[in-house]
Amino acid sequence: MKTLIIGLGNPILGDDSIGWVVAEEVRKKVLDKEIEVDTAALGGISLMERLIGYDHVILIDAIETGQFPVGTVNSFPIENLANPMAGHSASTHDTTLMTALQVGRQLQAHLPTTVMVVAVETQITYEFSEDLSPEAAKAAAAAVRQVLDLLAGLPGSTAASSADMTNRTSNLL
Amino acid sequence: MSQRITIDPITRLEGHGKIEIFLDDEGNVENTYFQIPELRGFERFCVGRPVEEMPLLTNRICGVCPEAHHMAGAKAADAVYGIDPPRTAKMLRELLYSAFYCTDHTTHFYALAGPDFVMGPDAPVAERNILGVIHKVGLEIGGKVIQMRKYGHAVVEIIGGRKVHPCTSIPGGLTKGITKEQQKEILEMGKWAVDFAQFSLKLFNDIVLGNKTYLDLIVGDIYTHKTYYMGLVDENNHVNFYDGKVRVVNPDGNEYVKYAPSEYTQHIAEHVEPWTYLKFPYLKNVGWKGFVDGKDSGVYIATPLSRLNAADGMATPLAQEHFEKMYETLGGKPVHQRLATHWARLIELLYAAERWVELASDPEITSDNFHTKPTQTPTEGVGIVEAPRGTLTHHYWTDERGVVTKVNLIVGTTNNYAPMSMSINKAASSLIKKGTVVNEGLLNMVEMAFRAYDPCFGCATHSLPGQMPLEVTLRSSDGEIMDVFKQFIA
């Protein structure tokens, strides 16, 4: 079973880089060769293409729901995210990951059976910076823990702890 | 009672990336405002960094066209050091760039523009996407699109060192070359890309041009503007994406000016409006006359259509055939109908694929002369390439150590800010009249006005949800919400 953990975002756009920061921390703690850790500034079709060949994927990203205090970490299956962009304005130059996953699956691509998201609540920033806000920086450790908990809960995992997903998947988006 | 209609792609960011349509008391369109989100502080972020880092830093501006920023950044850095890189280096960069163009233009046609024509502008939004296209035209299409993207990514990775965000271009050339085996692999993929581009043009011919309704939509007045047209051209005035001079033709199609990248400040100025952060570039020597068409207005566009309008032809034979066919079909040069941009984009796709094969076939492409060491004291330099969505200008100033002291960028989408605003206004004014029922299909027709320009808001879509739901709110003059249309919102 191949697993990919991927930190998403723009590494020079303030809190948008939180996915990268968390992924780099996770990289230091994961020793299993079947688990790959990466960072990327991708979305939609390009991201779907990156996920081909893996059985399980954990995405780490900044999120702005407005429903939680900045710095709140939530994890949930990607299906819990609304896919409002069944249309094509998801980005003005792409489609959503979920639509892209549907396309990939129709084309018989080997795509993961589970895609989990670890999301850190942030405020979208328009200011270039390599620094995280104090709230986001504080949330990084919790996000790392959630990623490791998710890994432990995956089928075939040899890790000791198994995360109780019930609370984390409820009440989201 | 006057009304305000807001098409808001990013509902949580007041004042950013949205279209506002104001209706007068009669229910006709009084005015429209199109606001684009702008990332700030990039200049400050770059100051103090070595100029050779710029091709890496600038390709992080946004995730949509990092390859374009990498190329413009590398060319500006070449200029800062006064270096003309060796022929092999220039060919390798252009080869990477041609493959990137194939990926980018393919995505736009099949995922964005295609659904409007294949499914129809009035199709339910849940079907008006790439999945709908695959359902209607066949699974085979989806496979080809993914294959084309895979090949494009592969070439970027081989020459650029990694997928999507290349890292091998430095002042004076590249950090590495390619082997003969890689050349062969790239060449085979390029041949496939030429077939794919021809297939795409045939699809466009059958589905769009073969449908009178769509052809009428393209040639109709709703999406027509007579402006200046900009594009990079080679020494034969043929379209070139990587290098050359910037040529501008007037609304009659005659050359207005042709300038070297370093001369851009003599020709381009930027207009400011109080209702948006983003500036409106215009032709300085014609002058800003407002959001109006015509020879006296400095408004220009920089898109696939403008590149074809600004050139005398295409540098490759198959693309040239289609170039001639397009102008013959649409009544000669220049073409003012903005929806023809989709056709022009596919002609560019074919050109990029042919150029890919040409460059990959050149025996010198595997030479190890891919870098010239900088020896001059660095000062200032400009690099211009054609990004898929418009002319991209990078201008850097450094101190004598090559440390950046100032940066100026004019990105592709920015060039088209004024004409996009005009297109939205005209489409809205034409489609929304007194008594019109504003529905999803109609809003999509307005949206099609700016979709043709392939604008890049990548900067606004990095964080999850990463989606751009459109919400239209009808308000009475006292601000009371009368109705809300939610497009793409669950």
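**View 1. Domain contact in chain B.** In this predicted model, 6 residues of domain 1 of chain B are in contact with 6 residues of domain 2 of chain B (contact: heavy atoms within 4.5 Å). Domain 1 spans 3-37 + 445-487 and domain 2 spans 225-336; the bounds come from an automatic or database domain assignment. Together the two domains of chain B bury about 600 Å², 67% of it on carbon and sulfur atoms. Buried area is the accessible area (1.4 Å probe) that two parts lose on being put together, summed over both. The salt-bridge count between these domains is 0 (a side-chain nitrogen of Lys or Arg within 4 Å of a carboxyl oxygen of Asp or Glu).

View 2. Strands E7 (245-249) and E8 (255-259) of chain B pair antiparallel over 4 bridges. Strands are DSSP runs (E, at least two residues), helices likewise (H or I, at least four), numbered from the N terminus; pairing needs at least two DSSP bridges. B:Val246 has B:Tyr259 as its bridge partner. B:Val248 is partnered by B:Val257. The hairpin leaves 5 residues between E7(B) and E8(B), and B:Gly253 in the turn has a positive phi of about 95 degrees.

View 3. Chain B has an open sheet of 4 strands, ordered E8-E7-E6-E11, with mixed pairing. E8 and E11 (300-301) of chain B are at the edges with a single partner strand each, so one side of each lacks a neighbour in the sheet.

**View 4. The five-stranded sheet of chain A.** The order is E2-E1-E3-E5-E4 (chain A), in an open sheet of mixed pairing. E2 (35-40) and E4 (73-77) of chain A are the edge strands, each with a single partner, so one side of each has no neighbour in the sheet. Neighbouring strands of this sheet are turned by 20 degrees against each other on average, direction ignored. E4(A) runs antiparallel to E5 (114-121) of chain A, joined by 5 bridges. A:Phe76 pairs with A:Val117 of E5(A) in one bridge.

**View 5. A helix across the chain A sheet.** Helix H2 (44-51) of chain A lies across E1 (3-8), E2 and E3 (56-63) of chain A, at about 150 degrees to E1(A). Axes are lines fitted to C-alpha atoms, for helices over the stretch in contact; angles run from 0 to 180 degrees between N-to-C directions.

**Notes.** Residues are numbered from 1 along each chain as its sequence is written, and chains are lettered from A and ligands numbered from 1 in the order in which they are written. Local features of this predicted model need pLDDT of at least 70, side-chain atom pairs count only at pLDDT 80 or more, and totals for chains, interfaces and linings use all residues; side-chain values use heavy atoms, with hydrogens and water left out.
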